[in-house]
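Dear colleague,

I am handing over the structure below, and after it I set out what was found there. Please read the notes with the model open beside you.

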Amino acid sequence: MDVIRDRMIAGQSSILGVYNFLEENESLPAGQLAARQRHLLRKQLSYARRESPYFANILRHHTVEDLLNSPERWADLPLMDKSVLLENFDVVRTRNDITYPRVHEYLSDRSLADEPFHGSDLLVVSTAGTSGKSGYFVYDQREQAHIRAQYFRFMRAILAGIEPRGPLRSAAIIVTGAHMIGYKMQQHLPPEFFRMIPVLREGRAVTVEETAAELADFNPQILTCFGSTLRMLTEYKEANPDFAWRPLALINTGATLERDVQKRALAAFEGVRIFDLYGSTDTGYIGWTCEHGSMHLNTDCLKIEILDEDGRPAAEGESGSIVLTSLWHRTLPIIRYRLGDLMSVSTERCACGRSLPVVKELLGRENTLLYRRSDTGVSPVPQGVFMEMFETISGVKRFRLVQESLDKVTVSVVPLPGGEPGLAERVAQRVTPVFGAGASVDVHVVDALVPPASGKLLPVERLFDPAAERTGRR
């Protein structure tokens, strides 16, 4: 076997070099792609054990070949998450200049968002904490090149699905002036081709009217935003048919796009195509929608495991918790990292011909999977049940459902203008049977749902640990 371009695998600074490597992988037979992933994983494990005290300890009882050849030994490796990473930051890292105190001091000062980390070329970022936990992450120049190459891979698929007219302009509606990866990776792009539109300005939320004015002025053909922002823009377009902005592609990021938002956006913005970009600050890009509408997984950048509730590999095609091992991130190695999202992988190939596997269903964060009491103890209720339900309840414009405990649910509902009376009662009548007669369902009719500072407003959320409930019933 060839050396698989080790200069790229190790993460050279050439974005084009990494991009060419990724592009080549898309056309490889499945067996050859798996062999490349295995080679990358071997290199990553060897590096982590050699350079990271944390992984030197974790991997001390295993040889790399044993881990590659034995699924049982691989499964013996402990899982990481944001909490584990933060607690062990100074022994996970492989560079002496990124100690936890220095990183924490830097990230705690928002005024330094436009300043490099102690004059270095490192990208030091934090997460918004929408999963309940914040995290600190560091990328060197080679790793930043890898992230950009992954993004260009996605953009190639978008351009294959649209017909841009004139110079290609794109925009992103994001939190600016913060230590978030989206802002920092895009802040130096040429302003004539790219514009960042803030969701907050001087501490206040930017109105949809202000955002619409910026879009009409810059007229980007491609826009990246959260699903909650796309909903607001769609509602604005529905109420203002003369809104001049005509996008060709909308990129949803940050959370699974609600089905009704997608349907309404496609109807409101004639001729537009919607793509999903699935990534995380923790590990870079994970999946992306191709021109045929399938979400492909970057398995040449990540080893992706789907685990069931007992931590075992989920059955083929079944959903489970995503666990990731980065094949290229060496400053802070990520091995068996529990992301906190739920997904299932299809057994079928996409018509586009790419060899990268396809997502069957992306269910969102684990804390959007709700639970109810059942004869067997505690059973899951996917958020899709409620997404479909609220599409059929007349008078509902928006909703947010929060399960505070196994027996307590709170629903906030924004009514349509001039809606029928008794909306709260009708919502309660539909929601309560899903959780059982013993559940308390409180419904509040509100004027608006206010997104948090991150912009990620989850329509469905769970605030308790179902594992504790299961244990308590045994």
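**Helices H2 and H10**

Helices H2 and H10 pack against each other with their axes 8 Å apart and at an angle of about 50°. That angle makes H2 oblique to H10, and the crossing of the two helices is right-handed. Please bear in mind throughout that this is a predicted model. On the H2 side the residues that meet H10 are Ile15, Val18, Tyr19, Leu22, Glu23 and Asn25, and on the H10 side they are Ala145, His146, Arg148, Ala149, Gln150, Phe152, Arg153 and Arg156.

Two residues of this contact can be followed further. Leu22, which lies in helix H2 (residues 15-25), is buried, with a relative accessible area of 1%. If neighbours within four places in sequence are left aside, Leu22 is in contact with His146, Ala149, Gln150 and Arg153, and also with Asp300 and Cys301. Gln150 belongs to helix H10 (residues 141-161) and, at 1% relative accessibility, counts as buried. Not counting residues up to four places away in sequence, Gln150 touches Leu22, Gly284, Tyr285, Asn298, Cys301 and Trp328. As for a residue elsewhere in the chain, the C-alpha atoms of Leu22 and Leu416 are separated by 47 Å, the two residues being 394 apart along the chain.

Helix H3 (residues 30-51) has 22 residues, which at 1.5 Å a residue should span 32 Å, and its end C-alpha atoms are 31 Å apart, which agrees. The buried residues in H3 are Leu33, Arg36, His39, Leu40, Leu41, Gln44, Leu45, Tyr47 and Ala48. As background to such a list, an α-helix has 3.6 residues a turn, so residues three or four places apart point the same way.

Helix H12 and helix H13 (residues 227-239) pack at an angle of about 80°, with their axes 10 Å apart, and that makes H12 roughly perpendicular to H13. Val208, Glu209, Thr211, Ala212 and Leu215 of H12 make this contact with Met232, Leu233 and Tyr236 of H13.

Strand S10 (residues 284-289) is largely enclosed by the rest of the structure, because five of its six residues are buried. Strand S9 (residues 273-280) runs antiparallel to S10 and is joined to it by four bridges, and a hairpin leads from S9 to S10 through three residues. S10 is also joined to strand S11 (residues 295-297), again running antiparallel, by three bridges. Trp288 takes part in both pairings, as the bridge partner of Leu277 and as the bridge partner of His296 in S11. The hairpin of S10 and S11 has five residues between the strands, and within this hairpin Gly293 takes a positive phi near 95°.

**The four-stranded sheet**

Four strands form an open sheet with mixed pairing, in the order S20-S19-S18-S21. Strand S20 (440-445) and strand S21 (460-462) stand at the edges, and each has a single partner strand, so one side of each is left without a neighbour in the sheet. Neighbouring strands of this sheet are turned by 15° against each other on average, direction ignored. Strand S19 (residues 408-415) and S20 run parallel and are joined by six bridges, with Val413 standing opposite Val445 in S20.

Helix H16 (residues 423-435) lies across S18, S19 and S20, and runs at about 150° to S20.

**Two backbone angles to look at**

Most residues other than glycine have a negative phi. Asn219, although it is not a glycine, has a positive phi of about 55°, and Arg336, also a residue other than glycine, has a positive phi near 55°. Is each of these residues buried or exposed, or something in between? Asn219, in the loop between helix H12 (208-218) and strand S7 (222-225), counts as partly exposed at 31% relative accessibility. Arg336, in the loop between strand S13 (320-326) and strand S14 (337-345), counts as buried at 3% relative accessibility.

With best regards

Key: Residues numbered from 1 in each chain as written. Predicted model: local features only at pLDDT ≥ 70, side-chain atom pairs only at ≥ 80, totals over all residues. Heavy atoms only, no water. Pairing = 2+ DSSP bridges. Axes fitted to C-alpha atoms, helices over the stretch in contact; angles between N-to-C directions. Contact = heavy atoms within 4.5 Å. Buried < 20%, exposed > 50% of the residue type's maximum accessible area, 1.4 Å probe, protein only. Expected span 1.5 Å × (residues − 1). Parallel < 35°, antiparallel > 145°, perpendicular 65-115°, else oblique. Left-handed = near helix turned anticlockwise from the far one by under 90°.
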